[in-house]
Amino acid sequence: MSGWAIFGQAVVVLVGGGLVGLFYRGVDRKIAARMQARIGPPLRQPFLDLGKLLVKETVIPKTAVAWLFSAMPFLAVLASFTALLYLPLGPFGPVLEGHGDAILVLYLLAIPALAMALGGFASGSPLGVVGAQRELVMLMSYEFPLAVVLVAVAWRLSELGLAPAFSLGTMAQNPLWGAVGPLGIIGLALLLVSLLVVTPAELAKIPFDIPEAETEIAGGLMVEYSGTYLALFYLADAVRTVVMAGLVVALFIPYGLAGRLGLSGAVGDVVDLAFWLFKVLLVMVVAVTTVRVGMARLKVDQIARGFWLRITAVALSGLLLLVLDKVVMG
Amino acid sequence: MGLSAFKRALWVFHVATGSCNGCDIEIVAALTPRYDVERFGIRLVGTPRHADVLLITGPVTRMMAERLKRIYEQTPDPKAVVVVGGCGSTSGVFYESYNLVGPVDRIIPVDVYVPGCPPRPEAIIDGVVKAVAKLEKLGAKV
């Protein structure tokens with residue numbers, strides 16, 4: 001593919017990803033409201049919020065490290081939007097297929113969290129520092145199970161002789177559910193569960209919202225951010241939701257509809273794309289919306305211990321079952 | 001995107017300056033499913049930096065005066081101030097009390113008063129919506 005074609009696709013994906021991210025945030029808030037028997041904000045509420053934040057004054061506190069404080073929102077937006085380009089989009093492969101693999105996506109997902117933590121440290125507010133420390137604790141807790149899930153899927157793909165095994169595109173084209181035995185299916189289910197638990201932590205949503213914890217540390221690492229910078233973080237968060245849900249879809253439910261309905265060509269692509277968007281929404285609702293309405297915030301030590309012991313154990317046993325399935329049954 | 005953006009996306013920060021908790025409970029009541037202010041885009045935020053409107057309850061005790069000024073300064077422009085309850089509006093039953101420096105409008109400029117002891121949630125929502133009119137007037141000047 002020529003550079004210009006990639007550039008054109010990238011623009012479409014980035015703009016579309018931003019719009020979908022914000023719209024899904026609206027859906028998320030609407031569903032949360034309906035679950036609480038409220039009417040809830042209109043679906044376009046995130047767009048209104050963003051528009052309002054852009055006309056507000058942007059304050060840089062006197063005690064903040066100004067350049068670091070101002071750079072971090074941009075870094076968060078850049079990293080989350082870049083991750084979009086490495087995501088398989090239903091019938092279409094990643095825009096930057098072959099220019100980076102799943103490990104890169106892991107890092108791109110970690111960068112916004114790191115940027116928010118650095119911004120919190122640079123904000124000069126004790127609440128920001130506390131929030132940043134919590135964000136780092138959480139980052140260290142959930143990264144290991146996340147990596148285990150990715151490595152397990154990649155290892156099984158390489159055992160099938162598929163290359164490059166670490167590409168999200170390969171993972172999305174070769175769903176493993178049909179390729180493994182019964183033990184492997186249990187293993188994959190365990191991996192899926194741990195990834196679904198990691199998803200709200202990655203996005204710092206209830207019950208894993210300790211870095212922000214509005215009622216406790218007044219917004220934590222976001223405490224000093226206002227106006228345009230806050231809008232950028234808001235946008236980055238919305239896009240990260242799509243990326244994270246897209247990752248779950250790519251790893252575990254990459255199935256299309258068009259083949260089953262006997263559609264092909266442009267119509268099939270449109271149907272598959274719509275189906276992909278639906279799957280992303282479904283993952284978001286299951287892993288983020290229902291969980292954040294149904295649960296209260298966990299404590300810092302509960303999250304650290306929960307991820308290091310329980311979720312890691314679940315992910316590792318998933319990996320072990322996959323290995324056993326290959327070695328014993330294979 | 002003008003200041004009409006505020007019409008449907010107001011973020012509210014709640015400051016208690018020595019209130020008895022009556023007004024504060026009514027503010028929380030406005031968030032409950034029965035009144036559900038989120039359907040108007042009104043959201044309670046955790047820090048003045050995110051806020052468009054300050055909801056202030058209480059008659060302002062001596063210790064809170066400095067903090068109130070500071071919170072007002074921390075709120076990014078354009079902003080509006082809504083006083084909720086009789087104490088904040090007029091000192092109410094605490095009129096000429098030795099430990100008060102209020103009412104609120106002696107400390108910071110106030111845009112909307114919501115009287116009542118405590119005011120009903122409908123009145124609080126109405127007050128917040130009236131604050132939008134002030135923000136829009138600011139927009140007309142700009």
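In which sense, left-handed or right-handed, does helix 5 of chain A pass helix 7 of chain A? Here are a few notes to read beside the structure, which is a predicted model.

1. The helix pair in chain A. The crossing of helix 5 of chain A with helix 7 of chain A is left-handed. Helix 5 covers residues 126-159 and helix 7 covers residues 182-202 of chain A; they pack at an angle of about 145°, and their axes are 10 Å apart.

2. From helix 5 of chain A come Met138(A), Tyr142(A), Pro145(A), Leu146(A), Val149(A) and Ala152(A). They meet Leu191(A), Ser194(A), Leu195(A), Val198(A), Ala201(A) and Glu202(A) of helix 7 of chain A. By type, the residues of this contact comprise 10 nonpolar, one polar and one charged.

3. The opening helix of chain A. Helix 1 of chain A runs over residues 3-35, which is 33 residues. From its first C-alpha to its last it reaches 46 Å, close to the 48 Å expected at 1.5 Å a residue. After this helix comes Ala37(A), with a positive phi near 60°.

4. The sheet in chain B. Now for the other chain: five strands of chain B make an open sheet with parallel pairing, and their order is 2-1-3-4-5. Strand 2 and strand 5 (112-114) of chain B are at the edges with a single partner strand each, so one side of each has no neighbour in the sheet.

5. A helix on the sheet. Helix 1 of chain B packs against this sheet and touches strand 1, strand 2, strand 3 and strand 4 of chain B. Its direction makes about 140° with that of strand 3 of chain B. Together with strand 1 and strand 2 of chain B, helix 1 (residues 22-31) of chain B forms a right-handed β-α-β unit.

6. On to strand 4. Strand 3 of chain B runs parallel to strand 4 (residues 80-84) of chain B, and five bridges join them. Val53(B) is worth a look here too: its bridge partner in strand 4 of chain B is Ala80(B).

Notes: Residues are numbered from 1 along each chain as its sequence is written. Chains are lettered from A and ligands numbered from 1 in the order in which they are written. This is a predicted model: local features need pLDDT of at least 70, side-chain atom pairs count only at pLDDT 80 or more; totals for chains, interfaces and linings use all residues. A crossover is right-handed if, with the strands pointing away from the viewer, the path from the first strand over the helix to the second runs clockwise. Helices (H or I, at least four residues) and strands (E, at least two) are DSSP runs, numbered from the N terminus. The expected span of a helix is 1.5 Å times one less than its number of residues. Two strands pair if DSSP finds at least two bridges between them. Two residues are in contact if their C-beta atoms, placed from the backbone, lie within 7 Å. Axes are lines fitted to C-alpha atoms, for helices over the stretch in contact, and angles run from 0 to 180 degrees between N-to-C directions. A crossing is left-handed if the near helix is turned anticlockwise from the far one by less than a right angle, and right-handed if clockwise. Ala, Val, Leu, Ile, Met, Phe, Trp, Tyr, Cys and Pro count as nonpolar, Asp, Glu, Lys and Arg as charged, and the others, Gly among them, as polar.
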